[in-house]
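Please look over the structure below.

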Amino acid sequence: MGDGRWRTAGRWRTAGSALVRVIVVWAVSTLTMLALAGLLPDFELQSADGDSITRTALTAVWGAGAFGLLGALVWPVVVRALLLVPALVLGLLVFFLNGSLLLIALWLIPDGRGAADPETAVVVAAVMSAVASATSTALAVRDDDAYRRRLYRLAARTRPRAVTEGPPTPGVGGDPPPVPGTLFLQLDGVGHRVLRDAVDDGLMPTVAGWLDTTHRLTPWRTDWSSQTGASQLGILHGSNEDVPAFRWYEKDTGRLMVSNRPASAVELQRRAIARTGDGGLLTLDGASRGNLFSGGADQLALVLSMAARRGRRNRSRAGYFAYFADPANAVRTAGSFVAEAVRETAQSTRARLRKQTPRVSRGGAYPLIRAFATVVERDVVVAAVIGDLLAGRTAVYADLVAYDEVAHHSGPHGHDTDRVLARLDRSIALIAKVAEHAPRPYRIVLLSDHGQSPGATFEGVYGLTLRDLVRAGCGLPVPRRVRHTPWGHPQTESGGGSEARDAARDALRSALHRPVDEDGERMGEQVRDEAEPIVLASGNLGLVSFPGVPHRMTREEIDRRHPALLRTLANHPGVGFLLVASAEHGSVVLGRGGAEVPLAELADDGPLAVFGPGAADAVRRTDGFPHVADIMVNSMYDPATGTVHAFEEQIGSHGGLGGEQGRPFLLSPVDFSAPVPDGGELVGAEQVHQVLRRWLRECAGPQVPLEISPRISDAEAFLPVDGPVVPEKKS
């Protein structure tokens with residue numbers, strides 16, 4: 001009986017507190033509306049003949065109440081409908097829609113006393129939403145229960161779930177402590193050196209504090225394909241076998257695979273699950289946020305492999321609804337979106353006026369793309385993670401892509417990326433603060449999937465693309481500018497000297513002006529009617545495939561068909577080495593000056609000397625992939641400057657071997673066992689997956705199933721697809 005009275009009294013107190021907060025927010029919104037009416041000439045709360053102060057105040061009370069009610073009732077419905085709108089456009093519509101709600105609220109005022117121009121309505125709505133949000137948050141902070149409920153609403157949660165308790169502590173009375181949860185937060189593209197420099201320069205004080213007290217920093221080495229598709233697939237699903245690059249051509253299906261296309265992502269996830277027989281790192285009570293792959297999680301938001309799903313269970317944009325259902329969040333993010341687009345425009349203009357080099361084009365839609373990655377994606381993912389923590393989920397894996405996007409176009413080091421790193425640190429601090437309110441303790445692991453290596457583009461330095469060079473070597477038509485390519489800029493080359501320049505020049509000339517054979521026909525002319533080579537770029541890794549030949553071509557076959565091609569590529573000063581199959585040696589690595597090393601004899605010297613330890617093993621592993629290209633081309637790398645030459649328009653790149661791109665980091669709590677023994681090295685995304693698995697087992701053992709992995713025939717049950725997958729177009 002007594003407990004019932006206490007519960008009833010508690011409900012009344014909660015209801016009373018909520019009513020007080022509503023009244024206070026309403027009053028503050030009313031005062032804000034009155035102030036804006038006095039400041040803005042095109043915003044009126046009076047009739048044409050004028051009204052008394054009391055009448056004007058009542059009009060403001062009515063208008064503020066109607067606007068608040070519309071925001072609570074209509075806005076979530078509008079946002080759900082907007083899930084059909086491309087995510088990049090969503091932020092631009094927020095101001096317009098919020099202003100439209102204000103105009104409706106003014107129209108509802110009796111006697112037509114409220115009026116505003118559409119442009120003014122947008123401003124008034126934005127200010128009122130921001131003030132109401134700030135007031136509500138300030139009141140809620142004084143009430144822990146209200147603060148939690150607000151954060152739950154932020155991620156569409158209503159209450160924390162039951163949390164598994166740990167074993168009782170020997171000799172200690174009371175309830176057993178809850179089992180710790182684990183948050184894996186991926187800082188996309190942030191290399192080990194970049195993180196260390198950011199900490200030393202004071203850009204990331206939260207991370208610095210962890211390093212000084214609770215966490216250890218461990219570098220790890222990527223596979224040859226140093227990009228998110230390969231790394232995240234290996235980390236989340238335990239296998240990145242047969243992912244030779246970010247994009248590649250598969251001869252057996254005629255399919256162009258691109259890691260960030262939904263149909264390719266779901267196919268890669270399916271293959272990994274079939275190969276391992278396991279759903280992934282997050283199979284039990286996990287959440288995947290902002291990733292390419294699900295990791296087997298049940299709770300998914302902004303996961304690319306979901307976008308291939310058809311039917312009503314397609315939740316590929318559900319994370320947007322959870323966040324933008326609050327109009328204050330929508331206004332805040334939309335304002336930051338516009339500010340970031342303006343900031344990018346200013347930064348690119350400054351770089352152009354100062355004639356900074358290297359530099360790539362940053363016009364067109366790029367300012368909007370950058371704003372989406374650094375603002376919208378960040379805000380939505382952080383909000384989803386906060387909801388996961390307060391819901392008490394066992395394992396959460398989230399990806400923040402802001403740094404990677406900016407570094408591609410601004411370079412991995414500099415003012416632009418420094419600001420992004422500082423904002424990432426603030427996001428980390430917010431998540432860590434919210435974790436203190438979670439129903440279970442959380443261990444937070446920071447990690448990255450790869451780094452980025454700086455350097456001018458291949459085309460910027462040499463005046464031609466990799467595709468131009470391949471076509472020249474095949475005797476195919478090339479643009480006129482290629483015939484007059486400037487060669488040998490000493491300040492942009494590394495190694496090889498004049499001999500390399502001369503060899504490259506001679507190789508290209510011989511490819512463009514092929515000698516005439518005894519029958520009076522150009523050598524290689526017989527292949528003109530065959531399918532042209534497909535040349536793809538993944539950072540500083542290039543792939544050349546001949547679709548007219550159903551199998552992987554050998555060096556001998558390529559030399560017969562295109563006698564100048566391999567020599568042209570291998571001797572170019574912008575190329576580090578080639579990997580090609582060989583009928584005689586199995587496979588060989590080719591380098592400048594006629595260097596040729598059979599794969600069985602390959603070591604971290606010779607053509608691979610500058611690429612550091614582990615390069616030979618990485619190349620050897622990729623050579624065994626079923627869909628490795630006919631010719632794998634890795635750009636040059638200058639260890640003195642750390643530069644590479646990307647085969648696409650990026651001055652900060654990753655995807656191949658060479659420099660910082662292959663050295664990401666793992667920042668883990670010291671409560672976990674060491675990632676590797678003292679003196680050991682963490683190599684490859686698959687090994688990182690095993691480390692993360694071990695840590696999950698250490699929390700409550702086991703959190704990742706070991707004996708209940710699905711049969712391969714049942715593996716697709718873990719895929720976020722319950723209908724036909726949207727196929728990729730064949731090339």
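Phe-611 counts as buried in this predicted model, because its relative accessibility is 11% and the cut-off for buried is under 20%. The partner of Phe-611 is Tyr-637, and the two form a tilted aromatic pair, 6.1 Å centre to centre with 35° between the planes. Phe-611 sits in the loop between strand 16 (596–598) and helix 22, while Tyr-637 belongs to strand 18 (residues 637–638), so the pair ties together parts that are 26 residues apart in sequence. Tyr-637 also counts as buried, at 14% relative accessibility. Beyond this pair, ring pairs link Trp-224, Phe-577, Phe-611 and Tyr-637 into a cluster.

The count of aromatic pairs comes to 7. Another tilted pair is made by Phe-458 and Tyr-462, with 5.2 Å centre to centre and 55° between the planes. Here both residues lie in helix 16 (residues 458–462), 4 residues apart, which is about one turn of the helix. Phe-458 is buried, with a relative accessible area of 1%, and Tyr-462 is buried with a relative accessible area of 1%.

In soluble globular proteins, nonpolar side chains tend to be buried together. The largest nonpolar core in this model has 58 residues, and those with the most contacts inside it are Trp-224, Tyr-397, Val-619, Leu-666 and Leu-692. Several elements each supply at least two residues of this core, among them helix 9 (228–237), helix 10 (262–276), strand 9 (395–400), strand 14 (575–582) and helix 22 (615–623). The largest share, 7 residues, comes from helix 23, which spans 685–700.

Which residues does Val-619 touch, not counting residues up to four places away in sequence? They are Trp-224, Phe-577, Leu-579, Val-589, Leu-599, Leu-602, Leu-608 and Leu-657. Of these, Trp-224 and Phe-577 also belong to the ring cluster with Phe-611 and Tyr-637. A second, separate core has 51 residues, including Leu-187, Ala-398, Val-434 and Phe-665.

Is His-237 buried or exposed? His-237 is buried, because its relative accessible area is 3%, against a cut-off of under 20%. Leaving aside neighbours within four places in sequence, His-237 is in contact with residues including Gln-269, Ala-272, Ile-273 and Thr-276. The contacts of His-237 also include Gly-279, Gly-280, Phe-293, Ser-294, Gly-295, Gly-296 and His-689.

Notes:
Residues numbered from 1 in each chain as written. Predicted model: local features only at pLDDT ≥ 70, side-chain atom pairs only at ≥ 80, totals over all residues. Heavy atoms only, no water. Core = buried A, V, L, I, M, F, W, Y, C linked by side-chain atoms within 4.5 Å. Buried < 20%, exposed > 50% of the residue type's maximum accessible area, 1.4 Å probe, protein only. Contact = heavy atoms within 4.5 Å. Phe/Tyr/Trp six-rings, centres within 6.5 Å; stacked < 30°, edge-to-face > 60°.
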